[in-house]
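Visitor: Hello! I am new to protein structures, and I would like to learn how to read one.

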Amino acid sequence: MHDIEAIGDLLRHPHRILITTHQNPDADAMGSSLGLAGYLRQKGHAVTVVTPTDYPHNLTWMPGNDSVIAYDGKNRTLVEGLMADADTIFCLDFSGLDRIKDLGPMVRTATATKVMIDHHLEPESFATLAYWDPKAASTTQLIFKLIDQLGEGELINADVAACLYAGLMTDTGSFRHPSTTSEVHEIAAQLLARGIDVSSIHRRIFDGVSIDKLRLLGYVLNEKLRVLPDYNFAYITLTADELRRYRSKTGDTEGLVNYALSVEGVTAAAILIDRVDEIRLSFRSVGNFSVRDLVSTHFNGGGHKNAAGGRMKLSLAETEQKLLAILPDYQEKLMAV
């Protein structure tokens, strides 16, 4: 779905725009939201970015962050008013309204024109217009291409470029995932040409780590990482009590699953986290092993071939047992990579 021309027509005259993204936003979610917002404001639009939850501190440096509204239930009246007043709602980096928690029903019933820009598989049909490409490495890549194809590349200034680069860099695993194409590098080069400070962006995202997060990482690697050589599989479990013990904040568990995947010989890895109301699962894999297929079949989720997530209403122990019970069904594929 590439409604680029129609999106351009929609943006021809200034109006009220609301931008939202998925719960627990990452750098691609915030980078695409704030990058798009910076571009639209230069065109004279009145823009508000609303996130369905808060997000990690290492993303708050992005230009435009000061005006972001994080929904917390207490500001429901404010957010409902913004939804009702919006002429257009941009939905970025998610393809189903269940990914935005309590904002989902608000977006679904809003009278505004809804525009989805995303790269995840199997999009829900809730948007009026869409720019959707599952082959794209990130949503920020699509935002760049949208602006460029509308002939307004000159509006990608240093602030917009910094936001877009952050999402492109992180969603490609610092340009090492299979999604890193020649086009990705060409876009990165064009963003660098806008005068962004690449070293500063990398440092702000990866080096601003709290002591609590480091201690949680040490605990996970020493006590919670389990490797199953018979399946080329590794996984981590974290209880709600363990998260409290290490004063875990939003974003502190981000990337932990990658340590499990980095173990020599491991084809796929998972982390199971007790979030009290549900168990959240995050899977990563290498090569042709599709964790998306595994998650969509067994754990009420989806995503990409090598990166997927799910959720369960079982206990943490029950979810772990379910995972261990299905591994024999995937043993041949896991061992073949």
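Predicted model: local features only at pLDDT ≥ 70, side-chain atom pairs only at ≥ 80, totals over all residues.

Visitor: How many bridges join β1 and β4?

Guide: Strand β1 (residues 16-21) pairs with strand β4 (residues 88-92) over 5 bridges, in the parallel sense. To find your way there, look for Ile17, which stands opposite Thr88 in β4. Further along, strand β5 (residues 113-118) and β6 are also parallel, with 4 bridges, and Met116 stands opposite Ala130 in β6.

Visitor: Which way do the residues of β6 point?

Guide: Leu129 and Tyr131 point one way from β6, while Ala130 and Trp132 point the other way, and all of them are buried.

Visitor: Now the helices, please. How many residues does α9 have, and how far does it reach?

Guide: Helix α9 (residues 211-224) has 14 residues and reaches 19 Å from its first C-alpha to its last. That is close to the 20 Å expected at 1.5 Å a residue.

Visitor: Which residues of α9 are buried?

Guide: First, the general idea: an α-helix has 3.6 residues a turn, so residues three or four places apart point the same way. In α9 the buried residues are Asp212, Leu216, Leu217, Tyr219, Val220 and Lys224. They cover an arc of only 165 degrees around the axis, so they sit on the same side of α9. These buried residues pack against β7 (225-228), β8 (233-238), α10 (240-245) and α11 (256-261).

Visitor: Could we look at one of them? What does Leu216 touch?

Guide: Leu216 is buried, with a relative accessible area of 0%. Not counting residues up to four places away in sequence, Leu216 touches Leu238, Tyr246, Ser248, Asp252 and Thr253. Take Ser248: it is 32 residues from Leu216 along the chain, yet their C-alpha atoms are separated by 7.7 Å.

Visitor: Which residues of α8 are buried?

Guide: In helix α8 (residues 198-206), they are Ser200, Ile201 and Ile205. Their arc around the axis is only 120 degrees, which puts them on the same side of α8. They pack against α2 (27-42) and α6 (158-171).

Visitor: What caps the N-terminal end of α8?

Guide: Asp197 does, with a side-chain oxygen 3.3 Å from the backbone nitrogen of Ser199.

Visitor: And the loops? What is the phi of Asn24?

Guide: Most residues other than glycine have a negative phi, and most peptide bonds are trans. Asn24 has a positive phi, near 50 degrees. Asn24 lies in the loop between β1 and α2 and is partly exposed, with a relative accessible area of 35%. Val276 also has a positive phi, near 70 degrees. Val276 belongs to the loop between β9 (268-274) and β10 (279-285) and is exposed, with a relative accessible area of 67%.

Visitor: Lastly, where does UniProt place the DDH domain?

Guide: An unreviewed UniProt entry places "domain: DDH" at residues 16-167. This span is 36% helix and 19% strand, and its end C-alpha atoms lie 25 Å apart. UniProt also places "domain: DHHA1" (unreviewed entry) at residues 248-327, a span with 32% helix and 28% strand.

Terms used
Residues numbered from 1 in each chain as written. Heavy atoms only, no water. Helix = DSSP H or I, 4+ residues; strand = E, 2+ residues; numbered from the N terminus. Expected span 1.5 Å × (residues − 1). Buried < 20%, exposed > 50% of the residue type's maximum accessible area, 1.4 Å probe, protein only. Arc of directions from axis to C-beta. Contact = heavy atoms within 4.5 Å. UniProt positions renumbered as here; feature names shortened; annotations may be inferred. Polar contact = N/O pair within 3.5 Å; in protein donor to acceptor, adjacent residues only side chain to side chain. Pairing = 2+ DSSP bridges.
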